[in-house]
Amino acid sequence: MEKLKLLYEGKAKRLYETADPDVMIMEFKDSLTAFDGTKRDELLGKGEWNNQISAVVFEYLNGRGIPTHFLKLLSPRESLVKRLKMVPLELVCRNLIAGSMAKRTGLPEGTPFKRPVIEFHFKADELHDPLYTEDLILALEIVTEDELKNMREIGSEVNETLRAFMDERDILLVDFKLEFGYTNDGKLVVGDEITPDTCRLWNKLDMQKLDKDRFRRDLGDVAEAYQDVLSRVRK
């Protein structure tokens, strides 16, 4: 399928329209960004690794009845996806304490929660994607109560499914974010990507980080970590 007009370019991806108004081509870039884009670099091959990781994960979710925007892999760097009207919220699901949650709780990274914690953040770079309570989301009428409940249910199902998938590959799913959108026929589905850019993934054997924290925290071996994840999810 041919790429036509560029519809959107973000920090990590470009979206192109196609001759079919219901589908788009998603192209992954080699950009590495952190802290709302204030830290930037280029990592040759990163776009291809993330595209293929996300494709494997979305195919797995689709196969288990979890609705996503993914249709098929087009090339190492491109995927065909459903065109969505995006919901301006990110769902964050946390299984272990890490990152900002360690700062908020004062507990050490790696501390497991007794149950997964689901939060919502309002998507606004200029506000640094602030945490919004569910009451605030409903008071501002960003989504309805039923839509919020649906997002929570899908997020919980993704967490349960993806934790088992990663565990079989000796990876701990520490936390992750999801974005949602509506298809042209009005169905709420998971969109965007599921990759080491949007998840914290730790090696189960030694707790080594296999995600974007290696770039955020200047830990090095970023390429090796992403390639390791790709190799494992393909198994």
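Me: Which residues of helix 4 are buried?
Reply: In this predicted model, a residue is taken as buried when its relative accessible area is under 20%. By that criterion, the buried residues of helix 4 are Leu-148, Met-151, Ile-154, Gly-155, Val-158, Asn-159, Thr-161, Leu-162, Phe-165 and Met-166.

Me: Is Asn-150 buried, partly exposed or exposed?
Reply: Asn-150 is found in helix 4. Buried requires under 20% relative accessible area and exposed requires over 50%. The relative accessible area of Asn-150 is 30%, so the residue is partly exposed.

Me: What distance separates the C-alpha atoms of Asn-150 and Val-189?
Reply: Asn-150 belongs to helix 4. Along the chain, Asn-150 and Val-189 are 39 residues apart, and the separation of their C-alpha atoms is 9.9 Å.

Me: How far apart are the end C-alpha atoms of helix 4?
Reply: Helix 4 comprises residues 145-167. With 23 residues at 1.5 Å a residue, helix 4 should span 33 Å. The model agrees with this expectation, as the end C-alpha atoms of helix 4 are apart by 33 Å.

Me: How many of the 18 residues of helix 1 are buried?
Reply: Helix 1 runs over residues 46-63. Helix 1 is largely enclosed by the rest of the structure, because the number of its 18 residues that are buried is 13.

Me: Which residues make the contact of helix 1 with helix 4?
Reply: The crossing of these two helices is right-handed. The residues of the contact divide into seven nonpolar, one polar and no charged. Helix 1 contributes Val-56, Val-57, Tyr-60 and Leu-61, and helix 4 contributes Val-158, Thr-161, Leu-162 and Phe-165.

Me: What is the orientation of helix 1 and helix 6 to each other?
Reply: The axes of helix 1 and helix 6 come within 9 Å and cross at roughly 30°. Helix 1 passes helix 6 in a left-handed crossing. Angles under 35 degrees count as roughly parallel. The orientation of helix 1 and helix 6 is therefore roughly parallel.

Me: How many charged residues has the contact of helix 1 with helix 6?
Reply: In helix 1, Lys-46, Trp-49, Asn-50, Gln-52, Ile-53 and Val-56 meet residues of helix 6 that include Tyr-226 and Leu-230. By class, this contact has eight nonpolar residues and three polar ones, and the charged residues number one.

Key
Residues are numbered from 1 along each chain as its sequence is written. This is a predicted model: local features need pLDDT of at least 70, side-chain atom pairs count only at pLDDT 80 or more; totals for chains, interfaces and linings use all residues. Side-chain values use heavy atoms; hydrogens and water are left out. Axes are lines fitted to C-alpha atoms, for helices over the stretch in contact, and angles run from 0 to 180 degrees between N-to-C directions. Helices (H or I, at least four residues) and strands (E, at least two) are DSSP runs, numbered from the N terminus. A crossing is left-handed if the near helix is turned anticlockwise from the far one by less than a right angle, and right-handed if clockwise. Contact means heavy atoms within 4.5 Å. Ala, Val, Leu, Ile, Met, Phe, Trp, Tyr, Cys and Pro count as nonpolar, Asp, Glu, Lys and Arg as charged, and the others, Gly among them, as polar. The expected span of a helix is 1.5 Å times one less than its number of residues. Buried means under 20% relative accessible area, exposed over 50%, partly exposed in between (1.4 Å probe, protein chains only). Angles under 35 degrees count as roughly parallel, over 145 as roughly antiparallel, 65 to 115 as roughly perpendicular and the rest as oblique.
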